[in-house]
Amino acid sequence: MKISLLLFAMGILLVILQTTLQRLVPIGPMVPDLILVLCVYWGLNHPTMGAAIGSFLLGYSVDILSSQLLGVNAFAMSLVFVGVYLGSRSIWLHHPLVSSIIVLCAALIKGVGLVLVWVVFLSTEGFWQGALKYIASEALIAALLAPFMFALLARGEKYFAKPSAVAQ
């Protein structure tokens, strides 16, 4: 529970960073999906009910701050968490390279989920022109950032786990 609360607090900071990064740094429409990487880490290393709720709430936070439709990112992050959790139950996924591939696949799952929701609820002209390029680019950026973020998250967990190990 303590780790889930810690990761959720880090997720809130990442939501703020992710939603303001595009306005602060002129990097174009591609913003690294840091919340996706966190949800994959959560699904691989701490797949609990608190983590599932945390993934949903972080996705909903992204919806509140930067989406036109409420619930789209909450659905996508929940879908990513469940996919990673089910994958981690049958395959050993704790190598950094494999984790990057899992983040790439999770970003593609999220992209497909968002496209399906968008097509069902908001069919617009010219949607397909940029969707595939945007989804693939964002997935590659997330996969490249995954080993670095996984190392930071693991180091943060060890840092906060030390005082509780001493107390016991």
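H46 sits in the loop that connects α2 and α3, where helices are DSSP runs (H or I, at least four residues; strands are E, at least two) numbered from the N terminus. The model is predicted, so local features need pLDDT of at least 70 and side-chain atom pairs count only at pLDDT 80 or more, while totals for chains, interfaces and linings use all residues. Residues are numbered from 1 along each chain as its sequence is written, and side-chain values use heavy atoms, with hydrogens and water left out.

With a relative accessibility of 18%, H46 counts as buried (under 20% relative accessible area; exposed is over 50%, partly exposed in between; 1.4 Å probe, protein chains only). Its side chain joins that of E157 through a polar contact of 2.7 Å; such a contact is a pair of N or O atoms within 3.5 Å, and within protein one must be able to donate a hydrogen and the other to accept it, with residues adjacent in sequence counting only if both atoms are side-chain atoms. Leaving aside residues up to four places away in sequence, H46 touches I3, L7, Y41, A51 and E157, contact meaning heavy atoms within 4.5 Å.

Charged pairs come next. Side chains of opposite charge can pair when their charged atoms come close. Two salt bridges are counted, each being a side-chain nitrogen of Lys or Arg within 4 Å of a carboxyl oxygen of Asp or Glu. One is formed by D33 and K110, at 2.4 Å from N to O. Because D33 lies in the loop between α1 (2-24) and α2 (34-45) and K110 in helix α5 (residues 96-121), this pair ties together parts that are 77 residues apart in sequence. K110 also forms a salt bridge with E138, with 3.7 Å between the closest N and O atoms. Here helix α5 is linked to helix α6 (residues 127-167), across 28 residues. D33 is buried at 4% relative accessibility, K110 at 6% and E138 at 13%.

The largest nonpolar core has 30 residues, of which I35, L36, V37, V40, V84, V103 and F150 touch the most other members; a core is a set of buried Ala, Val, Leu, Ile, Met, Phe, Trp, Tyr and Cys residues joined through side-chain atoms within 4.5 Å. Two or more residues come from each of α1, α2, α3 (49-66), α4 (72-90), α5 and α6, and α2 gives the largest share, ten residues. Beyond four places in sequence, I35 touches G11, L14, V15, Q18, L58, V62 and M77.
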